[in-house]
Amino acid sequence: MRKLFVLGTLLAIGMTVHAQEIISKSNMEKQLKTIRLVYPQWQGADIARWITEVKDPEQASRGYYLGAQLLNFLAPDSGQETYTVPVATDLVRRKVTDGVLDKEAIIAQTRAALDILKVQSPDRIVTLGGECSVSVVPFTYLSEKYKGDVAMVWIDAHPDITLPGDVYPAYHAMAVTACMGLGDRQIVSELPAKIDPSKILFVGLRDWERDEIKERQKGYGIKHLTPEDVRENSDAIREWLKSCGASKVVVHFDMDVLDPAEIIAAVGVVPDGMKIAEVVRVINDIAQEKEIVGLTVAEPMPRTAIRIKEMLDQLPLLK
């Protein structure tokens with residue numbers, strides 16, 4: 001009888017401990033704070049010349065501002081606290097300073113975004129942009145928060161590793177190098193951390209634009225996968241994630257990675273891109289392999305919505 005009593009007691013204790021572990025894990029998951037960051041920055045891009053159907057270059061330039069708002073409107077309401085980074089909309093004379101277009105606005109908005117994150121101290125961030133550089137602040141914030149235990153998967157048609165002094169001075173093309181701690185000294189000094197190139201993977205890459213960019217990527221040692229490499233499955237991404245040495249991941253989804261034969265959602269229209277279903281599958285497969293702590297959707301260029309807005313701006317009683 002005594003043995004049965006002891007055995008029963010041990011089983012009860014074991015079940016209690018197991019239950020406490022489950023409750024503790026559940027509470028920990030509930031305590032993780034996820035915020036939505038609407039970041040309608042447009043100054044990091046110089047794209048009006050490619051949006052030919054929008055006649056007013058000022059409206060085309062600010063297209064990302066409207067795009068970020070539309071993404072927030074269209075995204076499911078998950079009850080996340082939502083914060084909007086204040087972004088200037090006035091079109092003062094745009095100028096290049098130290099090799100960076102609209103540098104002053106970018107620095108001011110970088111600080112504003114960081115202020116939000118410092119006050120809210122989120123564990124996970126969903127960022128809705130805006131051009132590509134909207135990932136820089138949340139991703140470097142998360143790298144600092146998790147003490148470098150963060151890998152970055154950059155889903156994009158382009159590598160975004162240009163530098164000040166290159167022929168194209170727009171900051172959205174410098175987003176990955178900024179995450180690495182490279183680029184304009186003043187901008188980089190504002191960022192809380194950097195991500196090592198060994199923990200960066202490009203997915204969907206198919207346009208380097210210039211040979212020097214392809215050589216720069218080789219020099220940095222950043223690996224990449226083309227749309228064809230992930231067409232059938234995400235095995236190559238899973239293998240990289242297993243070897244990257246990080247338990248957490250931040251994912252940047254640039255909408256120009258999408259195949260323009262299926263949808264034109266961004267400025268870039270490079271052919272033979274990823275299908276919508278492939279991007280969704282890739283991101284969900286990443287989430288199965290590692291904990292996603294940051295997700296950005298960037299570069300929406302709502303060409304039709306901009307034209308509708310231009311039309312509405314001209315109607316009586318709406319002005």
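How many nonpolar, polar and charged residues does the lining of the largest pocket have?

**Entry 1, ground rules.** I am working from a predicted model, in which local features need pLDDT of at least 70 and side-chain atom pairs count only at pLDDT 80 or more, while totals for chains, interfaces and linings use all residues. Residues are numbered from 1 along each chain as its sequence is written, and side-chain values use heavy atoms, with hydrogens and water left out.

I looked up pockets on a 1 Å grid over the protein atoms alone, where a pocket is an open set of points at which a 1.4 Å probe fits, with protein on both sides within 12 Å along at least five of seven lines, and lining residues have an atom within 4 Å of a point. The largest has a volume of about 630 Å³, volume being the space filled by probe spheres set on the points, which are joined across faces, edges and corners. Its lining has 22 nonpolar, 4 polar and 2 charged residues (Ala, Val, Leu, Ile, Met, Phe, Trp, Tyr, Cys and Pro count as nonpolar, Asp, Glu, Lys and Arg as charged, the others, Gly among them, as polar). Of these 28 residues, L71, A75, L128, M255 and V297 lie nearest the centre.

I found about 440 Å³ of space here, and among its 26 lining residues W50, H158, H172, E209 and D256 are the closest to the centre. This lining divides into 14 nonpolar, 4 polar and 8 charged residues.

I then turned to nonpolar cores, sets of buried Ala, Val, Leu, Ile, Met, Phe, Trp, Tyr and Cys residues joined through side-chain atoms within 4.5 Å, buried meaning under 20% relative accessible area with a 1.4 Å probe, protein chains only. In the largest core, of 60 residues, M152 and V176 touch the most other members, and helix α4 gives the largest share, 7 residues (helices are DSSP runs of H or I, at least four residues, and strands runs of E, at least two, numbered from the N terminus). Beyond its neighbours within four places in sequence, V176 is in contact (heavy atoms within 4.5 Å) with residues including M152, W154, I161 and F202.

I counted 2 aromatic pairs, taking rings of Phe, Tyr and Trp (its six-membered ring) with centres within 6.5 Å, and calling planes under 30 degrees apart stacked, over 60 edge-to-face and the rest tilted. The rings of F139 and W154 are edge-to-face because their centres are 6.4 Å apart and their planes stand at 85°. Since F139 lies in helix α5 and W154 in strand β6, this pair ties together parts that are 15 residues apart in sequence. Both F139 and W154 are buried.

Definitions and conventions. Buried means under 20% relative accessible area, exposed over 50%, partly exposed in between (1.4 Å probe, protein chains only).
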